[in-house]
Amino acid sequence: MNFTRFPRRHYIPAPTSIEPMPALSRALGKGVNLYIKRDDLLPGAAGGNKTRKLEFCLGDALAKGADTIITCGAVQSNHCRLTLSWSVKENLDCHLILEERVKGSYKKDGSGNHFLFELLGVKSLEVVEGGTDMKAAMEKKAASLAALGKKPYIIPGGASNAVGAMGYAACAEETMGQLNALHLNMDCIIVPSGSAGTHAGMAVGMKGVNAGIPVRGVNVSRPKNIQEKIVYQLAMETAEKLGLKWGVAPEDIVCFDDYVGPGYSLPTPAMVEAVTLFARTEAVLLDPVYSGKAAAGLIDFVRKGHFKKGANLLFLHTGGSPALYAYMESFR
Ligand SMILES: *Cc1c(COP(=O)(O)O)cnc(C)c1O
């Protein structure tokens with residue numbers, strides 16, 4: 001794959017590490033070898049997966065002469081925190097629109113990412129009701145800023161368009177390079193599947209380097225059939241952008257929705273167990289909304305014997321640990 005044809009900022013000086021998780025593998029007792037790719041340790045304030053997508057999205061914004069970034073997310077959005085973080089570094093104004101999907105969940109003096117939005121000096125922050133048309137809300141904001149002479153650029157929620165998803169196609173290539181260097185094959189890569197750019201990008205990228213390694217998504221909000229359609233659509237758009245003629249096949253995109261629980265961002269006992277187990281075996285901090293639920297899926301797959309003895313599994317840790325501090329009650 002050739003990424004040099006697209007504007008891109010350079011935020012990631014070195015590949016994120018792939019580490020074995022021997023203590024967790026032993027604790028699960030099924031003879032499966034678990035590995036973790038530490039995208040939680042990517043640069044950008046407090047780390048996490050959106051930095052890979054923002055290399056391309058902010059590259060595009062700067063190439064188009066933007067001086068102002070507008071994006072949106074849920075109230076504890078890591079994407080909003082990282083977009084703000086890189087906007088600070090790029091000397092761009094950043095405006096956030098937060099969707100309060102759970103009524104009363106935004107607290108201006110709240111912990112986790114709420115605190116970091118303020119600390120990083122967000123230019124404006126608007127909280128709107130759950131179910132609001134976020135695209136329309138961002139366009140309205142862009143029009144009002146343009147009327148003041150600003151040059152706004154809108155990044156969609158999660159930076160999950162084909163521009164952003166290229167960041168994860170690039171991550172797939174990085175990952176395969178590392179696995180080749182280690183001479184270590186994987187039987188499966190497990191990723192959280194939310195706004196879909198991570199899952200779609202990884203699926204396209206793994207196909208693009210002809211890895212032959214299945215990528216499986218663990219949903220954090222939507223039902224399986226709906227999420228698979230969204231990921232497939234975005235994967236096809238990303239493949240087309242990259243000129244990958246064969247694209248992805250519908251059967252390359254597989255999601256599991258058994259770990260969402262009562263809904264997006266709502267704690268589940270399996271998430272609490274997964275976050276606690278990762279902390280106590282590997283000293284890895286997951287998050288309650290994404291990586292904790294994806295890890296709950298990984299743990300359940302292993303316990304149920306989905307993978308044969310000796311299988312190698314790679315868990316993509318997408319970050320999000322600042323949100324833990326907004327969920328401490330769930331762990332007490
Ligand atoms: C956004 C996010 C995800 C999900 O990635 P998508 O590309 O939106 O599917 C997973 N983990 C964390 C910590 C995130 O912030």
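Two strands are taken to pair if DSSP finds at least two bridges between them, and strands here are DSSP runs (E, at least two residues), as helices are (H or I, at least four), numbered from the N terminus.

This is a predicted model, in which local features need pLDDT of at least 70, side-chain atom pairs count only at pLDDT 80 or more, and totals for chains, interfaces and linings use all residues. Residues are numbered from 1 along each chain as its sequence is written, and side-chain values use heavy atoms, with hydrogens and water left out.

Strand E3 (68-74) is mostly covered, since seven of its seven residues are buried (under 20% relative accessible area with a 1.4 Å probe, protein chains only). Its partners are as follows.

A pocket is an open set of points on a 1 Å grid over the protein atoms alone where a 1.4 Å probe fits, with protein on both sides within 12 Å along at least five of seven lines, and its lining residues have an atom within 4 Å of a point.

The largest pocket holds about 600 Å³ of space, and Arg101 and Gly157 are among the closest to its centre of 34 lining residues. Because domain 1 (18-48 + 161-331) and domain 2 (50-159) both contribute to this lining, the largest pocket lies between them, the domain bounds coming from an automatic or database assignment.

Methods: Grid points are joined across faces, edges and corners, and a volume is the space filled by probe spheres set on the points. Buried means under 20% relative accessible area, exposed over 50%, partly exposed in between (1.4 Å probe, protein chains only).
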